[in-house]
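Open the model in your viewer and keep the selection tool at hand. The stops below are given in the order in which to select them.

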Amino acid sequence: MSNSNKNILEVTDLKKHFRLKGGAHVQAVEGVSFTLREGETLSIVGESGCGKSTIARLITRLHDPTAGSIRFMGVDLLALDHGQMNAMRRNLQLIFQDPFASLDSRKKVSYAIMEPLVIHKVGDSKSRWETMQRLLETVGLEPDAANRYPHEFSGGQRQRIGIARAIALEPKLIIADEPVSSLDVSVQSQMLNLLVQLRQMFELSYIFISHDLAVVKHISDKVAVMYLGCFVEMTDVDTLFETPLHPYTQSLLSAIPRPEVGERPERIILEGDVPDPSSPPSGCRFHPRCPKAMSICSETVPALKDVGNSRHVHLVSCHLCD
Ligand code: SF4
């Protein structure tokens with residue numbers, strides 16, 4: 001689905017450690033690296049608290065990383081000052097899980113969509129109003145939505161407003177953080193279709209964050225599976241769904257109903273909860289819950305290695321792939 005060989009985003013060895021009261025550190029993101037090409041969609045999938053939303057906030061500099069580098073459109077984002085980063089945000093927009101929280105309930109929808117244009121001094125009041133009307137139509141809302149307030153809309157319609165606001169400045173990259181997880185299943189697929197259409201219309205690249213592998217299957221070019229701050233598997237979407245190699249990925253996939261092939265494969269139920277990220281397990285962080293754990297797994301950290309072939313990259317961190 002990607003349409004360019006040019007990287008729009010290069011993230012290298014990104015780390016974020018939060019300091020807790022009492023001095024302990026939470027390793028929210030621990031050495032994550034990836035690239036995103038122009039027009040490509042990378043989905044980052046994992047359980048709540050695995051660090052995937054922290055990556056979104058690091059790339060948009062809502063948090064500053066502990067270590068690592070982020071190059072966006074060839075620019076080192078971490079070298080930018082506050083003003084330069086604000087200017088860069090024109091090209092780099094976030095869509096949130098709860099659009100209601102990001103919309104001012106006292107302001108009309110027209111204000112919400114035109115505000116980014118005002119902040120970045122794009123056009124005059126007449127052209128902003130025309131752009132806003134065009135955006136409402138693009139995301140499937142009636143023109144009279146402009147004069148109403150966010151609370152007058154359903155969850156799906158509010159997400160459409162949030163999307164119109166995000167694309168107002170014609171960004172290059174959108175980071176969508178669980179954009180459909182609070183919506184009904186039927187509305188979810190409408191919203192995913194809209195995001196796919198907008199990608200083609202505006203030549204967007206996406207980072208799509210979700211706890212649900214099933215949601216990302218039809219919109220992704222590649223998928224990274226994240227566990228306790230680290231990527232444990234990353235490859236193209238077809239390979240991940242057909243040949244998952246990491247036991248954690250296998251357990252996530254086993255939970256997805258597959259009506260097209262009749263019975264789903266045997267469900268792999270993981271034992272226990274996600275460990276405390278302030279004291280992650282030794283060796284492979286997944287070993288206390290892994291149904292295939294071996295003695296080496298609690299002692300040695302498995303490297304993230306490419307086990308793919310000349311046609312595709314398939315990165316996995318598991319001693320079973322050594
Ligand atoms: Fe399981 Fe060991 Fe592989 Fe970790 S390294 S996923 S514990 S088999």
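Select Ile296 first: it counts as partly exposed because its relative accessibility is 31% (buried means under 20% relative accessible area, exposed over 50%, partly exposed in between, with a 1.4 Å probe and protein chains only). Ile296 sits in the loop between α10 (247–254) and β11 (305–306); helices (H or I, at least four residues) and strands (E, at least two) are DSSP runs, numbered from the N terminus.

This is a predicted model, in which local features need pLDDT of at least 70 and side-chain atom pairs count only at pLDDT 80 or more, while totals for chains, interfaces and linings use all residues. Residues are numbered from 1 along each chain as its sequence is written, and side-chain values use heavy atoms, with hydrogens and water left out.

Next, select residues 109–119 (helix α4) and 125–138 (helix α5), whose axes come within 9 Å and cross at roughly 120°. That angle makes α4 oblique to α5 (under 35 degrees counts as roughly parallel, over 145 as roughly antiparallel, 65 to 115 as roughly perpendicular and the rest as oblique). The axes are lines fitted to C-alpha atoms, for helices over the stretch in contact, and angles run from 0 to 180 degrees between N-to-C directions.

Go to Leu103, in the loop between α3 (99–102) and α4. Is Leu103 buried or exposed? Leu103 counts as buried, at 6% relative accessibility.

Then select Gly162 in helix α6 (residues 155–167). Gly162 is buried, with a relative accessible area of 13%.

The last two stops concern the backbone. Arg61, in the loop between α1 (52–59) and β4 (67–72), has a positive phi near 60° without being a glycine. Glu203, in the loop between α7 (185–202) and β8 (205–210), also is not a glycine and has a positive phi of about 50°. Glu203 is exposed, at 59% relative accessible area.
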